[in-house]
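Visitor: Can you walk me through how some helices pack in this one? Let's bring it up.
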Amino acid sequence: MLARLSPDVRQYLVITGNYWAFTLTDGALRMLVVLHFHELGYSPLQVALLFLFYEIFGVITNLVGGWLGARIGLNRTMNIGLGLQVAALSMLLVPTAWLTVPWVMSAQALSGVAKDLNKMSAKSSIKLLVPGDRQSALYRWVAALTGSKNALKGVGFFLGGALLTAIGFRWSVAAMAIGLALVWLLSLLLLKRDLGKARNKPKFRDLLSKSRAINLLSAARLFLFGARDVWFVVALPVFLAQSLGWDFWQVGGFLAAWVIGYGLVQSIAPYFTGRRSGRVPDGRTAFLWAVALAVIPAAMASALVQGQSPQYVLIAGLAVFGVLFAVNSSLHSYLIVSYAAEDGVSLDVGFYYMANALGRLLGTILSGWIFQVAGLGACLTISAALVAAAAIVSIALPRHKITGLESAGSQPPGGSGR
């Protein structure tokens, strides 16, 4: 059946399959680490610090990985990412007494490198598989890849909580390492060689973007993902387990449902933000959706201060937040792929996801620290402020007057100046 598909579609399926498998283990591992080490008595800030190297090395990887992908090909960077994740999982199979904070942080650092090599490779590859004059098709492909990935990350959260309850930390990690190793071997056989290799070898000084549009979008992305992770990474799961008394599988299941719903909304975001109006999104679209998102965590923080039931506030508020955040994230994912230069696309995409990783790093540290000293309401207040900052930056993003979905060229206004 695969043989009857076009080569580009076959490559898209291989890339998506790799991304799916990686994301499943990444989501499950995050939930395993948060819940397992919280159970061992680690404070929220200590749990957050376990992910410090994960996020720091993600920043470095996105910056250097984009340059590396342009030089050696995105197929190789994707396969390197899969192999490194297998190694990171294997590091956690040591006896429990060896699972010290430095060791777990080192394993998470390796996982951070692997995750961002994999993501950068997948997102950059889509630019090369869709003709430049089909912007709406590019938006749909990016939305489908991103949305499906996040839905599976949600499944990973549930899987992590369920596996921890059923078979424990070590056996859970072993099962994931074996499964991902099989995917890695298949990818080595099926992924096209030299995908995404630049015609002109980029120099190391080309790491930083020369495009104003990409710099602005990267800043907005930093604030957007800091706003999510300031409550989501540590504060929310610990609050659910500690303050509301939820079991591991309930925490994992709730976060899984949120991320799955978020991913599904991402995959259909083009319907809400472009298809009905006959336009592809631009900077004004990103600004308006960011403004709408900023209202939600502010309202949730206010409700908690007024003594409303935390359980109802979280369930209802996070449902709305998830929908709006998904649309914002999908818009950004389309805009970066659209703005990026086709030759050496991974340089622009890598720089953008470096900012994404910086936002996650900021959010992760704040999540443990702010929650420990001021509680969940303060985390939500900081989240609202960060989304507002993303909206302010988005005001300066390029706007266009194109009315046909398929008439947008491969280089929209403000595109890369590489």
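Guide: A definition to begin: angles under 35 degrees count as roughly parallel, over 145 as roughly antiparallel, 65 to 115 as roughly perpendicular and the rest as oblique. The model is predicted: local features need pLDDT of at least 70, side-chain atom pairs count only at pLDDT 80 or more, and totals for chains, interfaces and linings use all residues. Residues are numbered from 1 along each chain as its sequence is written, and side-chain values use heavy atoms, leaving out hydrogens and water.

Visitor: At what angle do H8 and H9 pack?
Guide: About 20 degrees, with the axes of H8 (residues 212-232) and H9 (residues 235-242) 5 Å apart. H8 and H9 are therefore roughly parallel to each other. Helices here are DSSP runs of H or I, at least four residues, numbered from the N terminus. Axes are lines fitted to C-alpha atoms over the stretch in contact, and angles run from 0 to 180 degrees between N-to-C directions.

Visitor: Which residues meet there?
Guide: Val230, Trp231 and Phe232 from H8 meet Ala235, Leu236 and Pro237 from H9. Contact means heavy atoms within 4.5 Å.

Visitor: Is H8 mostly covered or exposed?
Guide: Mostly covered, with 17 of its 21 residues buried. Buried means under 20% relative accessible area, exposed over 50%, partly exposed in between (1.4 Å probe, protein chains only).

Visitor: New topic. How many residues has the largest nonpolar core?
Guide: It has 84, and Trp231 and Leu236 have the most contacts inside it. Such a core is a set of buried Ala, Val, Leu, Ile, Met, Phe, Trp, Tyr and Cys residues joined through side-chain atoms within 4.5 Å. Helix H1 (residues 7-39) gives the largest share, ten residues.

Note on methods
Helix = DSSP H or I, 4+ residues; strand = E, 2+ residues; numbered from the N terminus.
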